[in-house]
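Welcome to a short tour. Keep your viewer open, and select each stop as we reach it.

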Amino acid sequence: MTTGATQPGATPTGATPTQPGAPSDPTSAAGGPDVPPERWREWIGRTERVEDALALAPALAAAATLDDEEPPLASGDALPPLWHWFYFLPRAAQRTLGADGHPPRGGFLPPVPHPRRMFAGARVRFVRPLRLGRPAVREGTVVDVVSKAGRSGALAFVTVRHIVTQDGATCLEEEQDVVYREPGPPVPAPVPAPWAPLPEGGWSRVVEPDPRLLFRFSALTFNAHRIHYDRAYAEREEGYPGLVVHGPLTAMLLLDLARRRTGRPIGAFAFRVQAPLFDLAPFRLVARPEGADAVALEAQGPDGHVAVAARATLG
């Protein structure tokens, strides 16, 4: 579920990775699943630099996918917040993809072998708008790697910091959290239950995820992870009850809920995935104001539980 994040093991086209503080052994520096967990922290300090022309076409395709076509975007327009996730993408060669659709492990990110991977959250500060049709640069740094033992097995948490600049000025700063997990027991399907009444002053939107939406979002982010479009694989190999909704897709829909209602620019946004969502039933996006300059947001599964929690700070 790594869509929109720095996808594990991949180096984007145009990227120039460097490895300050990385392993000195050339074999381990190349990355591979045989690197022991105690050495994963040696990836802290690795950097990469990715350039992108911010072409108009991906933004138009995203607008069509998200039903956000009014007014139509044009070159020179500001890129909507979080839509930088449609750019600076890794482009691993087809022959290098694993059975799950992920690129080889290692490279910019540590070669964590745990097969279940998820873009678990992010914190973004929007400094100035990115403009379509003008080159931009994303510089990334691995800032932390932590290994833990969870109830379902070993876990690894990797935090990456990104700074995106355009015309020499910083446009946004972001930290992304990528979580790797060992295989666990099958994930049960949520049991539908009535949603609670909306909080006072709150507003909502019901989203019906389906394979068409998930496939298009995977294509927009060049993410081949099969849990988002291959139902048989998702169910039989990774133990999910259906296709998995991308965490970044849910985050974008949540931020859009705040942006459209308030009509104000977004100064900052943070989200955390607490549970997966599936294409089995609709889910609900809920927003409520927090004072004059913030909106609390959550995505509620069909069982009423919070799957994604978020907060938008208004500009």
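**Stop 1: charges over rings.** Begin with K148 and F157: K148 lies over the face of F157, 5.4 Å from the ring centre. Keep in mind as you look around that this is a predicted model. Now select R116 and Y240, where the charged end of R116 sits over the ring of Y240, at 5.2 Å from its centre.

**Stop 2: aromatic pairs.** Next come rings beside rings. A pair of aromatic rings is described by the distance of the centres and the angle of the planes. How many aromatic pairs does the structure hold? There are 7 aromatic pairs. Select W83 and F86, one of these pairs: their centres are 5.9 Å apart, with 75 degrees between the planes, and the pair is edge-to-face. Both W83 and F86 are buried.

Move on to F119 and F271. Why is this pair edge-to-face? Its planes stand at 75 degrees, over the 60 that edge-to-face needs, and the ring centres are 5.6 Å apart. The pair links distant parts of the chain: F119 belongs to strand 2 (residues 116-126) and F271 to strand 7 (residues 266-273), 152 residues apart. F119 is buried, and F271 is buried too.

Stop 3: Select residues 283-289, which make up strand 8. Is this strand mostly covered or uncovered? It is mostly covered, with 5 of its 7 residues buried. Show strand 6 (residues 203-207) as well: strand 6 and strand 8 pair in the antiparallel sense over 5 bridges. Strand 9 (residues 294-300) also pairs with strand 8 in the antiparallel sense, over 6 bridges.

Click on A287 in strand 8. A287 is the bridge partner of W203, and A287 also stands opposite L297 in strand 9. Then follow the chain to the hairpin of strand 8 and strand 9, which has 4 residues between the strands. There, G291 takes a positive phi near 70 degrees.

**Stop 4: a proline in a loop.** Finish at P115, in the loop between helix 2 (56-65) and strand 2. Its relative accessibility is 29%, so P115 counts as partly exposed. Leaving aside residues up to four places away in sequence, P115 touches D100, R105, R181, E182 and P183. Last, select E238: the C-alpha atoms of P115 and E238 are separated by 8.6 Å, although these residues are 123 residues apart along the chain.

Technical notes:
Residues numbered from 1 in each chain as written. Predicted model: local features only at pLDDT ≥ 70, side-chain atom pairs only at ≥ 80, totals over all residues. Heavy atoms only, no water. Phe/Tyr/Trp six-rings, centres within 6.5 Å; stacked < 30°, edge-to-face > 60°. Buried < 20%, exposed > 50% of the residue type's maximum accessible area, 1.4 Å probe, protein only. Helix = DSSP H or I, 4+ residues; strand = E, 2+ residues; numbered from the N terminus. Lys NZ or Arg CZ within 6 Å of the ring centre and 35° of its normal. Pairing = 2+ DSSP bridges. Contact = heavy atoms within 4.5 Å.
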